[in-house]
Amino acid sequence: MHLRRMAAVAVAIGLVAALGPSGTALAGGTGKGNLGRQVLPANDGWAASGPGTTGGSSAADDQVHVVDTRTELIQALGGDNATNRTNATPKIIFIKGRVGGFEGLANGCADLADPAYSLDAYLATYDPAVWGRVNPSGPLEEARVRSVANQTRYTQINVGPNTTIVGLRGATLTGLTLMLDSASNSIVRNINFVDAYDCFPAWSPTDGSLGNWNSQFDLVSVRRSENVWIDHNTFSDGDNPDSEQPVHFGRPYQVHDGALDITHTASLVTVSYNRFVARDKVMLIGSSNTVGPDVGRLNVTLHHNVFDGTLQRLPRVRFGKVDIYNNYYRLAGDSFSYAWGVGVQSAVYAENNFLSLGDGIAAEDVIFDWGGTVITEKGNWVRAGSARPAQVGLLDAYNAAHDPDLGADAGWTPTLRHGPVLPAPLVPLATLALAGARL
């Protein structure tokens, strides 16, 4: 290892150690030693199943890196972004400062666009008044697809198994997707994820009654992986929110997809102490309604997260056994849709969460039926507007306002929980003090 890199690693370890001898300032009591060597505590959610989640904790000294550029991040992950997802060597990567997915591109999206693509031409060609209500096709749509492939190769950063990625104080990944595809036994902590925007959204005229623009890129995507721990991160669109996007074909030009999506047979994931701020689509668990490989997978634990000004998919669940406990929801805005999406064959267990509901949001709006049949819901408290908080049966409220009713027994009881479950009234204090990246 070069002397400069060795010195940077030493500084990183010293900065991390400043969090406290046990990491309690960041991780709510996880392990001793520096953050790069910390592992998921025993029984801490679904990611503690089987062998547990150790990430790159066993990395040799020459596999401990500090990076502050996109190029250095790719190099630390194995050297070639196209093949890094197969690099199973244990490794610890500290992120320093602000790392951008479009780094090195003088003109941003324009440098990734296929020569045959332009947005103006796309809008003129596929305007429903001209093209009709059928999916785009032909050379211009093919050029858009090639443009998306260019962006995927550049801004999607592929992570392999046995990896720990930790942000030093103030670390930000912006304009990129951290892709954990076939990246079992991985840990991602203390990073500010910002604005993974799609340069080339797709027009889907049959998506809903009016059509929709759809985007491809998540801030973090977990696919075909087991034993993954996502902890103490912050997710937002930064200064590029969906609310500021233009309207095309009468629909918002959607440039963002999920904050943290867990799909394509992924399972055994723990999502803890994160902040999701002012986003539309937040967390999709499950790829489609098709009964197939996802059955028996998609088992995820969410605890001590803050969902602040988020609008939908908090999370939306298909197939999986998903434990949602001790999370704090601050829900507001005319565009709010729902929090817990009960999808096909899902088994959601929602316990001791605290929900603050803004004007126009009622208790019956928290749950949405996406083709599921059951949810266990217990011990959750609600503060509606300025009213005093109280325990509210959110499933009872949903069933009173909607038909058909959802059943009250998800068919399982969580056993993988690290430490006591807090009473719901204590959740705002605990989560606001501890959740999110250290900025």
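Helices (H or I, at least four residues) and strands (E, at least two) are DSSP runs, numbered from the N terminus. The structure is a predicted model, in which local features need pLDDT of at least 70 and side-chain atom pairs count only at pLDDT 80 or more, while totals for chains, interfaces and linings use all residues. Residues are numbered from 1 along each chain as its sequence is written, and side-chain values use heavy atoms, with hydrogens and water left out.

**The largest pocket**

A pocket is defined on a 1 Å grid over the protein atoms alone, as an open set of points where a 1.4 Å probe fits, with protein on both sides within 12 Å along at least five of seven lines; lining residues have an atom within 4 Å of a point. The largest pocket holds about 890 Å³ of space, the volume being that filled by probe spheres set on the points, which are joined across faces, edges and corners. Its lining comprises 33 residues, and N212, Q254, D280, K281 and Q312 lie nearest the centre. Strands β11 (212-214) and β16 (251-252) each supply at least two lining residues, and β11 gives the most, with three. By class, the lining has eight nonpolar, 14 polar and eleven charged residues. Here Ala, Val, Leu, Ile, Met, Phe, Trp, Tyr, Cys and Pro count as nonpolar, Asp, Glu, Lys and Arg as charged, and the others, Gly among them, as polar.

**Helices α5 and α7**

The axes of α5 (residues 119-126) and α7 (residues 139-155) come within 10 Å and cross at roughly 140°. That angle makes α5 oblique to α7, since angles under 35 degrees count as roughly parallel, over 145 as roughly antiparallel, 65 to 115 as roughly perpendicular and the rest as oblique. Axes are lines fitted to C-alpha atoms, for helices over the stretch in contact, and angles run from 0 to 180 degrees between N-to-C directions. In the contact (heavy atoms within 4.5 Å), α5 contributes A121, Y122, T125 and Y126, and α7 contributes L140, E141 and R144. These residues divide into four nonpolar, one polar and two charged.

Most residues other than glycine have a negative phi, and most peptide bonds are trans.
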